[in-house]
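Below are a few notes on the aromatic side chains and a surface patch, for you to follow with the model open.

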Amino acid sequence: MSSLLPTSNVVSDGAENPPTNSLGLDHPQKYVADDAGALFVLKSKGSWVHCGYHLTTSIVAPPLLSLPYAFTFLGWTGGIICLVVAAAVSFYNYNLLSLVLEHHAQNGHRLLRFRDVAHQILGPGWGRYFVGPIQFAVCYGAVVACILLGGQCMKAIYVVAHPNGGMKLYEFVLIFGCLMLILAQLPSFHSLRHINMVSLVLCLAYSACATGASIYIGYSSKGPPKDYSLHGDTQTRLFGIFNAIAIIATTYGNGIIPEIQATLAPPVKGKMFKGLCVCYLVLIVTFFSVSISGYWAFGDNVGSLVLNNFVEKGTPLVPRWFIYMTNIFTIAQLSAVGVVYLQPTNEIMEQAFADPKRAEFSMRNVIPRVISRSLSTALAIVIAAMLPFFGDINALIGAFGFTPLDFVLPAVFFNLTFKPSKRSPIFWLNVIIAVTFSAVGALAAIAAVRQIVLDGKSYKLFANI
């Protein structure tokens, strides 16, 4: 697939480096000197290894534990085909976007944010009123979802340890939120590199636990009867397919490729591709093992999170310590994922409230940074505690957000930037990808709205789900 991608003419790592400024930009840019968000949050100091850590944390996250559930709407053949297609298209699109960013960096205009890319290629209105708001909604929605899922995993441990305990879900959400409040104060994206290295190990750990537990239960007499048939009438099954596609697209989604590439020290050529290879090696191992083993073990009885199937009517189907360990791994990685998706919000607030002419850790900048980040995280905690059904809402955000950002716009950006011949395969491949996934995203959004309407009667604020 990489042979289809033309190589931009940026200098290689072995060539003489182009002039850089203190921000690590390929060419000094006057406007960045007055941009506190770029100065303090999007520092360009990282290597391709760090990039691999960031990419893995942002993509290979606990939502992968819902992939077996997506299989219940698709069956074996449809599920595996969708996993393979989504992996191929997302890897291809992320490389397209990386090449576009490299091209602009070589031309003296390194684009650090998704909205900057849209502004440069599509025009100011697209960056300000379309891509910027969509990316913010996707990233902030991911933060809320991480906090909610972290609380649910804490509650899962509590229920196994104290079946008759009286603590409510919102209490665990608040506890996990306190950890997020601390991590939110880390100053820059680059400062997360060691946390994200640990995150990579954690996603391998809980995926191995989920796979091992599914195989153990599947082979034992404790598991439910295996039924892989698709149920419901034609309409129900059709909407189920689009729901499953939305789940898979959200799981493969990233939404912050430019911000991650902005953390790379120049020259950037080839580094993003290496980072993506690290990420997708981990992705293939985890996504396919968890989805196949989970669906095999539980069939159409698999829950929206496969970890929920390890306890049946209050009785653990695997040793209690194993459930504790798996959930602890998941909780730890959720904290890393949450703080990664806080970075676009942090960058916006830094740009609004910080003074780029003062030192990063001067009192003038530290006080508004702590206050603004604490308030934004506290709001996410309140939303997660108040709306435990946020998963339905997040599916809608994913359909409207991840699909255009990760599956449509990279192909459009590439064609507009490099202008391949309309007779070339890459031009029409990109057109087909953009059109197909635009339609899929619209249908997935309709399915998500339908699910919200169906579940709306059971919605209750601060519900103890």
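This is a predicted model: local features need pLDDT of at least 70, side-chain atom pairs count only at pLDDT 80 or more; totals for chains, interfaces and linings use all residues.

**Notes on the aromatic contacts**

1. Tyr295 has a relative accessibility of 0%, so it counts as buried.

2. Tyr295 pairs with Trp76 in an edge-to-face arrangement, with 4.8 Å from centre to centre and 65° between the planes. Since Trp76 belongs to helix α3 (residues 67-106) and Tyr295 to helix α10 (residues 271-298), this pair ties together parts that are 219 residues apart in sequence. Trp76 itself is partly exposed, because its relative accessible area is 28%.

3. How many aromatic pairs are there in the model? The count comes to 19 aromatic pairs. One of them joins Phe71 and Trp76: the ring centres are 6.2 Å apart and the planes stand at 90°, so this pair is edge-to-face. Phe71 has a relative accessible area of 0% and is therefore buried.

4. Phe71, Trp76, Tyr228 and Tyr295 are linked by ring pairs into a cluster.

5. Please also have a look at Trp296. Lys226 lies over the face of this ring, 5.1 Å from the ring centre.

6. Now to the surface, where Tyr170, Leu174, Leu461 and Phe462 make up a nonpolar patch. Together they have about 370 Å² of accessible area. Leu174 is part of helix α6 (residues 169-183), and its relative accessibility of 42% is why Leu174 counts as partly exposed.

How values were computed:
Residues are numbered from 1 along each chain as its sequence is written. Side-chain values use heavy atoms; hydrogens and water are left out. Patches are made of residues with over 30% relative accessible area and no salt bridge: like charges are joined within 9 Å, nonpolar side chains (Val, Leu, Ile, Met, Phe, Trp, Tyr) within 5 Å. Accessible areas come from the Shrake-Rupley method with a 1.4 Å probe; for residues, only the protein chains shown count as cover. A salt bridge is a side-chain nitrogen of Lys or Arg within 4 Å of a carboxyl oxygen of Asp or Glu. Helices (H or I, at least four residues) and strands (E, at least two) are DSSP runs, numbered from the N terminus. Buried means under 20% relative accessible area, exposed over 50%, partly exposed in between (1.4 Å probe, protein chains only). Rings of Phe, Tyr and Trp (its six-membered ring) pair if their centres lie within 6.5 Å; planes under 30 degrees apart count as stacked, over 60 as edge-to-face and the rest as tilted. A charge sits over a ring if NZ of Lys or CZ of Arg is within 6 Å of the ring centre and within 35 degrees of the ring normal.
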